[in-house]
Amino acid sequence: RGALQARWAEFLRYSVPFLAKVAGMLIQGGTDELVANGAGLARDARVIMEQLGPTYVKLGQVLSVRPDILPAAALEELAILQDSVKPFDTKVAVEVIERELGAPLGAYFDEISEEPVAAASLAQVYRARLADNGQPG
């Protein structure tokens, strides 16, 4: 199975149940039902975006500042994505860094923190000391 097909399957696994829930609310109680459950739906949407990864977190961040598109409850929930992104596994980060640099971390750094000092939707930051001059990087 290709990577694109797997990613679509992941997207559908998270989004279809959510959309079915929204459709059910609309059928049962119309827009009043959606408004009454807005905070919970917003929370569910944020969690799904976090589970789907950086691209969807970035989408949530963009939407969190659009009061012309979303109600206040959704804006408040999505605002959590602005500064409360959970870091991904350091092992994964090291693999990505080494692949991008084309060499083990030790070729460039004398030391690197075991945990990130900051995490964002598309990256995270580690404290490190450069191998060639000993300066913090």
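Select Arg46 in helix α2. Helices here are DSSP runs of H or I with at least four residues, numbered from the N terminus. Leaving aside neighbours within four places in sequence, Arg46 is in contact with Glu77, Leu78, Ile80 and Leu81. Contact means heavy atoms within 4.5 Å. Is Arg46 buried or exposed? Arg46 is buried, with a relative accessible area of 12%. The cut-offs are under 20% relative accessible area for buried, over 50% for exposed, and partly exposed in between, with a 1.4 Å probe and protein chains only.

A note before moving on. This is a predicted model, where local features need pLDDT of at least 70, side-chain atom pairs count only at pLDDT 80 or more, and totals for chains, interfaces and linings use all residues. Residues are numbered from 1 along each chain as its sequence is written, and side-chain values use heavy atoms, with hydrogens and water left out.

**Helix α4**

Now select residues 72–83, helix α4. Colour Ala74, Leu75, Glu77, Leu78 and Leu81: these residues of α4 are buried. Their cover includes α2 and α3. Next, pick Glu76, also in α4. Glu76 is exposed, at 59% relative accessible area. Draw a distance from Glu76 to Glu10: their C-alpha atoms are separated by 26 Å, and the two are 66 residues apart along the chain.

**Where α2 meets α3**

Show α2 (residues 38–52) and α3 (residues 54–63) together. Their axes come within 6 Å and cross at roughly 145 degrees. Axes are lines fitted to C-alpha atoms, for helices over the stretch in contact, and angles run from 0 to 180 degrees between N-to-C directions. Which residues make the contact? From α2, select Met49, Glu50 and Leu52; from α3, select Pro54, Tyr56, Val57, Gly60 and Leu63. They divide into 6 nonpolar, 1 polar and 1 charged. In this count Ala, Val, Leu, Ile, Met, Phe, Trp, Tyr, Cys and Pro are nonpolar, Asp, Glu, Lys and Arg are charged, and the others, Gly among them, are polar.

How many aromatic pairs does the structure hold? It holds 2. Rings of Phe, Tyr and Trp (its six-membered ring) pair if their centres lie within 6.5 Å; planes under 30 degrees apart count as stacked, over 60 as edge-to-face and the rest as tilted.

Look at Trp8 and Phe11. Their ring centres are 5.7 Å apart and their planes stand at 90 degrees, so this pair is edge-to-face. Both sit in helix α1 (residues 3–36), 3 residues apart, so about one helical turn separates them. Trp8 counts as exposed, at 51% relative accessibility. Phe11 is partly exposed, with a relative accessible area of 25%.

Tyr56 is partly exposed, with a relative accessible area of 22%.

**Last stops**

Select Arg13 and Tyr14. Arg13 lies over the face of Tyr14, at 5.5 Å from the ring centre. The test asks for NZ of Lys or CZ of Arg within 6 Å of the ring centre and within 35 degrees of the ring normal.

Finish on Leu34, in helix α1. Apart from neighbours within four places in sequence, Leu34 is in contact with Val22, Met25, Leu26 and Leu41. Leu122 is 88 residues from Leu34 in sequence and 31 Å away in space, C-alpha to C-alpha.

Technical notes. Helix = DSSP H or I, 4+ residues; strand = E, 2+ residues; numbered from the N terminus.
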